[in-house]
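Welcome! Here is a short tour for anyone meeting this structure for the first time.

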Amino acid sequence: MKHTLESGLHLHYEYKEAKQAHENTRTLVLIHGMGFDLTSWDRILPYMEDEFHLLRYDFRGHGQSGIDSIDPSKLAWIYVEHLDSLLRRLGIEQFDIISHGAGSIIGLYYTKVYPAKVRSNVMLSLPLFNSSSTAGKYADYRKNLLKHQSMSALAGHVVPNATLFQPGTPEIDRLYAAFARVSFDSYIELLDFFAGAHDEIMEMFKKHTGPLLLLTGERDPMYPPYLSGLIASANPNCRFMTVYNASNMLFYDQPEETYKQIRMFFDTETSNRAPLDPYLLELHSDFIGLVNGELQLDETAVPAAPVVRLKVTLLKSFQVFLDDTQVLGGWGRRSAKELLIYLLLHPAAARDQLCEDLWKDMENTKARNQLRVCLNHLKHLFNNEETQLLYSDNQQISLMAPVDCDLLTLLENTRLAVKETDPVRKDSLIQDIFQQVDDELFRNLDQDWNLNLRSRLEIDLVALAHYQADVLAKLGKYTSAIACLKYVVLFNPEEYDAYERIAVLYELNQQKQEAKTWRSKLAILQSASEKPGSR
């Protein structure tokens with residue numbers, strides 16, 4: 001639907017009443033993040049639509065909404081009035097705001113201007129840093145990606161860092177499509193405004209007195225949990241929660257869990273909390289003072305978000321790229337390769353568990369020293385002081401950016417293919433998967449700690465190969481069905497039924513000599529297994 005403002009600008013929006021509406025049904029206003037549009041809420045809407053009226057819209061310059069010339073100094077007020085005009089048209093007088101990223105800042109400004117209308121604010125990945133200078137650095141980095149006035153380079157940075165979905169999936173393709181619809185000029189205006197107004201926005205957040213929930217994704221590299229937790233502590237009214245196995249768009253990666261946290265917040269937002277013990281208040285006063293500016297926050301205390309893209313190939317030759325530059329040399333020393341592969345599969349790894357997995361035969365103190373040496377070497381390879389790809393403390397080591405990795409893509413596609421029920425989509429996934437598979441699939445996964453991973457993947461690949469062989473055989477595509485069953489034999493050479501099935505399919509394909517060859521292979525295997533001591 002389209003709402004036309006007094007200026008002539010039109011806003012695209014969708015409004016749906018709750019399926020189980022009653023007199024006190026609440027209205028949720030959903031405000032998307034910068035670079036995205038109202039479709040970014042698609043995955044969480046099914047959890048909300050029974051109990052809540054839902055309004056979502058594309059703000060100016062995004063999605064299907066228009067763009068016009070404005071006075072940049074009035075940008076915040078203009079976006080607030082756009083939303084208020086839409087709400088007045090729909091007759092919505094009171095509501096809750098659920099917002100993502102830059103949408104959270106629009107929500108803050110709106111609440112400041114019209115506090116009586118907003119029942120509560122739920123902010124998903126609030127884009128605030130520990131200082132305005134850090135915010136300015138990140139804004140400059142994004143603007144540098146836009147130097148050719150193309151949104152594609154920026155999308156290539158933001159989208160992979162915003163979600164855990166892998167390249168090539170429909171979910172991530174939709175996010176790239178949203179970025180392609182964004183007005184270049186409006187994006188630059190917002191970027192400049194938010195960076196310049198960072199301190200003002202931080203003060204608004206600190207002074208916000210209404211019910212407030214801040215949710216962050218466990219694996220968000222742009223505004224990681226330790227940063228969001230620090231920001232949340234600046235407002236004593238703010239409730240803070242981390243959603244696990246989710247990145248910046250936690251409502252996209254984990255819609256059900258995000259909804260559960262929001263619903264719990266709504267159900268308990270007015271509950272009376274016991275006053276804090278005076279001693280505990282005093283105990284934490286220094287830290288609260290630090291957060292609120294009574295002490296100068298050391299900018300080195302909170303690492304900045306990574307400013308490079310990390311790409312690793314494992315299924316063929318081992319290669320590592322920072323942006324488009326390959327990192328050559330050094331991977332054969334100090335367990336750098338093994339440590340990186342471990343962190344790819346465990347992006348937030350406890351030091352003790354890492355030592356136990358990589359150096360299980362080594363005494364703990366020696367293993368921790370070994371880890372320290374290896375980690376310093378890996379940081380050197382990554383030029384970590386500049387790239388900020390790795391974060392470490394005394395307890396854990398974290399890889400701070402989602403990685404473009406062929407193994408991770410294979411694992412995710414395999415998981416999706418096993419669960420997929422649509423035959424066409426399943427067929428497409430399986431074809432993509434087996435294009436990546438060869439007899440040296442695990443050439444870079446040859447340690448004891450990843451044995452379980454290899455075993456699980458083999459089991460899934462064998463199941464998919466059997467499924468695809470059945471489908472192809474029914475269609476009379478015997479050659480393709482045989483190719484699938486050969487993957488079964490590759491991963492499980494002692495699955496005798498696969499040999500016989502291959503022989504039968506060769507016979508159906510009028511290849512009797514090949515059928516005879518495979519039955520001979522089966523006979524040799526069975527004979528060997530019957531010999532004493534063969535097992």
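## About the model

This is a predicted model, in which local features need pLDDT of at least 70 and side-chain atom pairs count only at pLDDT 80 or more, while totals for chains, interfaces and linings use all residues. Residues are numbered from 1 along each chain as its sequence is written, and side-chain values use heavy atoms, with hydrogens and water left out.

## The whole chain

The chain has 23 helices and 15 strands; these are DSSP runs, with helices being H or I of at least four residues and strands E of at least two, numbered from the N terminus. Its C-alpha atoms fill a box of roughly 85 × 55 × 50 Å along the principal axes.

Of the 535 residues, 51% count as buried, meaning under 20% relative accessible area with a 1.4 Å probe, protein chains only.

## A look at L5

L5 sits in the loop between β1 (2-4) and β2 (10-16). L5 counts as buried because its relative accessibility is 9%.

Leaving aside residues up to four places away in sequence, L5 touches L11, H82 and S85; a contact means heavy atoms within 4.5 Å. L5 and S85 are 80 residues apart along the chain, yet 7.2 Å separates their C-alpha atoms.

## Where two helices meet

Helix α15 (residues 351-358) packs against helix α16 (residues 364-382) at an angle of about 100 degrees, with the axes 9 Å apart. Axes are lines fitted to C-alpha atoms over the stretch in contact, and angles run from 0 to 180 degrees between N-to-C directions.

On the α15 side, the contact is made by R351, D352, L354 and C355, and on the α16 side by N364, A367, R368, L371 and L375.

How values were computed:
Buried means under 20% relative accessible area, exposed over 50%, partly exposed in between (1.4 Å probe, protein chains only).
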